[in-house]
Amino acid sequence: MVRTVFIWLLRIIAAVILLQTLYFKFTAHPQSVELFTTLGMEPWGRIGTGIAELVTAFLLLIPRTTLLGAFMGLGLMSGAIFFHLTKLGINFGGDPVLFSYAVITFVCCSCLIVIFRKNIPQLLKLKF
């Protein structure tokens with residue numbers, strides 16, 4: 001019971017963080033546009049990342065595809081953390097929230113991968 005609640009908590013936290021940032025990406029919020037302009041990836045990077053995050057959030061919430069979603073989330077957040085540490089800074093726009101969200105999502109996805117590690121061979125065979 002506790003394990004199940006913990007797993008759902010990890011899924012929900014990661015998915016909610018991924019989903020709540022979509023509004024800013026898909027509506028071309030000035031801070032989002034500035035971020036992706038700084039990276040030289042505006043608008044295709046902003047929209048592409050938003051689509052990838054949307055798919056990832058849904059995969060995380062479906063028990064059968066959680067592991068795939070966790071790997072996608074880990075990859076996306078690795079990129080976000082990398083760019084915050086190299087080009088954007090931790091306090092992009094004077095606020096560390098985006099970096100914090102990336103780290104929290106990274107940790108949640110990492111935990112899910114560890115929990116479901118026995119299913120990795122099935123994922124590699126693409127047997128869902």
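Colleague: How many residues does α4 have, and what does α4 reach from its first C-alpha to its last?

Modeller: A helix here is a DSSP run of H or I with at least four residues, numbered from the N terminus. The expected span is 1.5 Å times one less than the number of residues. In this predicted model, α4 has 18 residues and reaches 26 Å from first C-alpha to last, close to the 26 Å expected at 1.5 Å a residue. Residues are numbered from 1 along each chain as its sequence is written. Local features need pLDDT of at least 70 and side-chain atom pairs count only at pLDDT 80 or more, while totals for chains, interfaces and linings use all residues; side-chain values use heavy atoms, with hydrogens and water left out.

Colleague: Which residues in α4 are buried?

Modeller: Buried means under 20% relative accessible area, exposed over 50%, and partly exposed in between, with a 1.4 Å probe and protein chains only. In α4, the buried residues include Gly 45, Arg 46, Thr 49, Gly 50 and Glu 53. An α-helix has 3.6 residues a turn, so residues three or four places apart point the same way. The buried residues of α4 pack against α1, α2 (22–26), α3 (30–38), α5 and α6.

Colleague: Which residues touch the most other members of the largest nonpolar core?

Modeller: A nonpolar core is a set of buried Ala, Val, Leu, Ile, Met, Phe, Trp, Tyr and Cys residues joined through side-chain atoms within 4.5 Å. The largest has 21 residues, of which Leu 60, Ala 70, Cys 109, Leu 112 and Phe 116 touch the most other members. At least two residues each come from α1, α4 (44–61), α5 (66–88) and α6. The largest share, seven residues, is from α6.

Colleague: What is Phe 116 in contact with, leaving aside its neighbours within four places in sequence?

Modeller: Contact means heavy atoms within 4.5 Å. With those neighbours set aside, Phe 116 is in contact with Ile 7, Arg 11, Thr 66 and Leu 67.

Colleague: Where is Pro 43, and is the peptide bond from Glu 42 to Pro 43 cis or trans?

Modeller: Most residues other than glycine have a negative phi, and most peptide bonds are trans. The bond from Glu 42 to Pro 43 is cis, with omega near 0 degrees. Pro 43 sits in the loop between α3 and α4.

Colleague: What phi does Ala 28 have?

Modeller: Ala 28 is not a glycine, yet has a positive phi of about 55 degrees. Ala 28 lies in the loop between α2 and α3. Ala 28 counts as partly exposed because its relative accessibility is 34%.
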